[in-house]
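Hello,

Here is the structure I said I would pass on.

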Amino acid sequence: MAATPQKPAAATPRRKVSRHRGEGQWAAGHFTPLNGNEQFKKDDDGLNVRTRIETIYSKRGFDSIDPNDLRGRMRWWGLYTQRKPGIDGGKTAILEPEELDDEYFMLRVRIDGGALTTRQLRVVGEISQEFARGTADITDRQNVQYHWIRIEDVPEIWNRLEGVGLSTTEACGDTPRVVIGSPVAGIAEDEIVDGSPAIEEINRRFIGSKEFSNLPRKFKTAISGSPLLDVAHEINDVAFVGVVHPEHGPGFDLWVGGGLSTNPKIGVRLGAWVPLDEVPDVWAGVIGIFRDYGYRRLRTRARLKFLVADWGAEKFRQVLEDEYLKRKLVDGPAPAQPLQRWRDHIGVHRQKDGRFYVGFAPRVGRVDGTTLTKIADLAEAHGSGRVRTTVEQKMIILDVEEAQVDSLVESLEALDLTAKPSPFRRGTMACTGIEYCKLAIVETKARGSQLIDELERRIPDFDEPITININGCPNACARIQVADIGLKGQLVLNDQGEQVEGYQVHLGGALGLEAGFGRKVRGLKVTSDELPDYVERVLKRFQAEREDGERFATWAARADEEALS
């Protein structure tokens, strides 16, 4: 019998082999853009858009703006389109960018080191009143943000800002953003080293230069010689922290690779001591590594923190020394533990020259142009005309004679700018939220202000340092992961099964030498309406259960979930 013919075996499908294109690192020779952002940056440097704004867009109006300029390059000059009114949070991730865009802009004014003169502050306030419908929020990076800006008005705003030495240059975009610094640099009695000259030199040499105007993503810098560690150095791409070397004296401890957003990482020490006059060169070396070795393939992995996590501190320092500085750095000590919890300089403090500075607390960073001009008036009447912003959305008036302190404090109180805030007023921060931000899901500023009022009424005897940070989306602009109580905005279900605004809760985060991220309690989400009840309940449990001297973060780390729910 003849054998039955066998069917040929089915061919095994050949797996398509795609050529690995790397991470888009320029240092590895990968210059071909791997996403739309990299393409528009290659097509034209973001700094070049200023000419088009001045000569075309401001004259022809919003509809004349090229899309790659509108949602890309204009950020290099501090401009983002703001959220169109009336779009609820449930549509944030659904609508196309052009559906979310309003024909108005947020404009960010960079205030490096938080340093302002009253002349500058008055101009900031006048621009707010004339062009921004009175808006002028203080951010947690010492900047001021306007809203309702028309493209037609931008050249005149630039002219006025630059006329007093301010700018919006690289306030946003894939650039070196504002350099934050101690708001009491050069005046504090306990200062280790004044970092202001380094901030000024970095600005003079590098800001607005095309040497670093095309980075993989944004680059955040902090420089402070304060023993209070007052610039959130742990969550910046690069930070210089004041220390005293046993042989070389005052200088800075070098940190790299911090950042929050949806993949938070605490920065790491490189173990290197940097003298003041070498800070700009070392800064340029670190940002140069980011430019050349940073990951450009995926935007979600394009921050320096991912490169540092992959390389480790030892390799990063070696590349910095061998390829960029061409010399070895000096080994140095870590910063000492701060002696106090609050790092915001609120209240009345003696300066090293015998005068005083007075720190005061606006509500969740929300001020307006009229208030800013009144603050400028107070600073001139009671001080020398110097004002500072802080990384906690607060402000400081410098150089107040002792005889003027009480009068200044009373005048600030009359403006609802207290120098003696409750822990809730002092410790609550909020991002922009759904009012203006296209990424936001929930409201933040008004919610934070209402929460302050409720907690002051309900727990008037609460006197422990507490931070409550409110964010409108997962991106952590208000640093939710490192707050005692961090609130991440999202839509949640209420008791009736309806989708409403609410927050996922993070508890027990902290900055300082015990820096760490808050814990998420399984399934713990609260609606906006329930928020005051929830925070009151948790804080009263903390009061009842805490050990002597125990911080909220420490208690939250050991408490059972029932106590935190």
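Start with the packing. This is a predicted model, and its largest nonpolar core has 54 residues. Ile53, Met74, Phe105, Tyr146 and Ile149 have the most contacts inside that core. There is also a second, separate core, with 38 residues. Among its members are Phe252, Val256, Ala272 and Leu329. As a general point, nonpolar side chains in soluble globular proteins tend to be buried together.

Next, the cysteines. A disulfide needs two cysteine sulfur atoms within 2.5 Å. The count by that rule is zero. Cys431 is in no disulfide: the nearest cysteine sulfur belongs to Cys477, 6.1 Å away. Cys431 is buried, at 15% relative accessible area. For Cys477, the closest cysteine sulfur is that of Cys473, at 6.0 Å. That is too far for a bond.

Last, Thr428. Where does Thr428 sit? It is in strand E16, which covers residues 428-430. Thr428 counts as buried because its relative accessibility is 2%, and the cut-off is under 20%. Its side chain reaches the backbone oxygen of Phe424 at 2.7 Å. Setting aside neighbours within four places in sequence, Thr428 is in contact with Val364, Lys394, Gly448, Ile452, Ile468 and Ile470. Gly365 lies 63 residues from Thr428 along the chain, yet their C-alpha atoms are separated by 9.3 Å.

Please send back any comments.

Best wishes

Technical notes:
Residues are numbered from 1 along each chain as its sequence is written. This is a predicted model: local features need pLDDT of at least 70, side-chain atom pairs count only at pLDDT 80 or more; totals for chains, interfaces and linings use all residues. Side-chain values use heavy atoms; hydrogens and water are left out. Helices (H or I, at least four residues) and strands (E, at least two) are DSSP runs, numbered from the N terminus. Buried means under 20% relative accessible area, exposed over 50%, partly exposed in between (1.4 Å probe, protein chains only). Contact means heavy atoms within 4.5 Å. A polar contact is a pair of N or O atoms within 3.5 Å; within protein, one must be able to donate a hydrogen and the other to accept it, and residues adjacent in sequence count only if both atoms are side-chain atoms. A nonpolar core is a set of buried Ala, Val, Leu, Ile, Met, Phe, Trp, Tyr and Cys residues joined through side-chain atoms within 4.5 Å.
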